[in-house]
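Hi everyone, thanks for coming. Let me put the chain up on the screen, and then we can walk through it together.

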Amino acid sequence: MHSALSSSSSFHAPPRLGPSGMNVLQTHYSSSFFFNPIPNRNPISTANGPSLLSTQQPSRKLLCIPSSGKYVREDYLVKKLSAKEVQDLVKGERNVPLIIDFYATWCGPCILMAQELEMLAVEYENNVLIVKVDTDNEYEFARDMQVRGLPTLYFISPDPRKDAIRTEGLIPIQMMRDIIENEI
């Protein structure tokens, strides 16, 4: 057994560890790889130019102007309304169903639902009125309407004798079509 250890030429001493517990050689390499204070001296470049691992970004041509990050824009068909405006719509005379979307700008499913509601607005044009209420701006109204989860939709018939239909969470567009055509 002693002879097996002495004849092994691949035995190496353990690596020296730095203050963070990383191998000192790795610490030096990783810091020079991610931070290169000398301009135009990329350690990954080749004689033919930057390689695939280069930190230099190729120039890109934009196909369109990026959006501003808002989920309700002026050109959207579904308009954001205040609590007072929604109450006036519900109490007023309508000959088309009303859909109220309670949403928040930080809610991922609300963003997906907004896309589906825009498609419905295009599909139904003037046969359905769809509006949005931001629950962060209209907290008291959302609380009074018993909005517990987002998105919450209210489907309100133009017939005052019919009850409103309330859904909570992300629902498929076909389910919204069925409610519009068969329930309200």
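Let's begin at leucine 153. Setting aside neighbours within four places in sequence, leucine 153 is in contact with Ile99, Ile100, Asp101, Met113, Leu117, Ile165, Arg166, Thr167, Ile171 and Met176. Contact here means heavy atoms within 4.5 Å.

Before I go on, a word on where this comes from. This is a predicted model, where local features need pLDDT of at least 70 and side-chain atom pairs count only at pLDDT 80 or more, while totals for chains, interfaces and linings use all residues. Residues are numbered from 1 along each chain as its sequence is written, and side-chain values use heavy atoms, with hydrogens and water left out.

Now, the core. Which residues have the most contacts inside the largest nonpolar core? They are Ile99, Leu117, Leu120, Ile130, Leu153, Phe155 and Met176, in a core of 17 residues. For the term itself, a nonpolar core is a set of buried Ala, Val, Leu, Ile, Met, Phe, Trp, Tyr and Cys residues joined through side-chain atoms within 4.5 Å. Buried means under 20% relative accessible area, exposed means over 50%, and partly exposed is in between, with a 1.4 Å probe and protein chains only. The elements giving two or more residues to this core are α4 (108-124), β4 (152-156) and α6 (173-183). The largest share, five residues, comes from α4. There is also a second, separate core of 13 residues, and it includes Ala83, Leu98, Ile100 and Ala142.

Next stop, aspartate 101, one of the contacts of leucine 153. Aspartate 101 sits in strand β2 (residues 98-103). Is aspartate 101 buried or exposed? It is buried, because its relative accessible area is 0%. Its side chain makes a polar contact with the side chain of lysine 132, at 2.7 Å. A polar contact is a pair of N or O atoms within 3.5 Å; within protein, one must be able to donate a hydrogen and the other to accept it, and residues adjacent in sequence count only if both atoms are side-chain atoms. Not counting residues up to four places away in sequence, aspartate 101 touches Leu117, Val131, Lys132, Val133, Pro151, Thr152 and Leu153.

The peptide bond from leucine 150 to proline 151 is cis, with omega near -10 degrees, and proline 151 lies in the loop between α5 and β4. Glutamine 146 is in the loop between α5 and β4 too, and has a positive phi of about 60 degrees although it is not a glycine. Glutamate 125 is another non-glycine with a positive phi, about 45 degrees. You will find glutamate 125 in the loop between α4 and β3, and it counts as exposed because its relative accessibility is 57%.

Let's move to the pocket. How much space lies in the largest pocket? About 160 Å³. The search runs on a 1 Å grid over the protein atoms alone, and a pocket is an open set of points where a 1.4 Å probe fits, with protein on both sides within 12 Å along at least five of seven lines; lining residues have an atom within 4 Å of a point. The lining consists of Val90, Gly92, Glu93, Arg94, Ile156, Ser157, Pro158, Asp159, Pro160, Lys162, Asp163 and Ala164. These divide into five nonpolar, two polar and five charged.

One of the lining residues, proline 158, is in the loop between β4 and β5 (165-168). Proline 158 is partly exposed, with a relative accessible area of 30%. It touches Arg94, Asn95, Val96 and Pro97, leaving out residues up to four places away in sequence. Proline 158 and valine 96 are 62 residues apart in sequence, and their C-alpha atoms are 5.6 Å apart in space.

To finish, the whole chain. It has six helices and five strands, where helices (H or I, at least four residues) and strands (E, at least two) are DSSP runs, numbered from the N terminus. Of the 184 residues, 29% are buried. Among contacts between residues at least 6 apart in sequence, 62% join residues at least 24 apart.

Technical notes
Grid points are joined across faces, edges and corners, and a volume is the space filled by probe spheres set on the points. Ala, Val, Leu, Ile, Met, Phe, Trp, Tyr, Cys and Pro count as nonpolar, Asp, Glu, Lys and Arg as charged, and the others, Gly among them, as polar.
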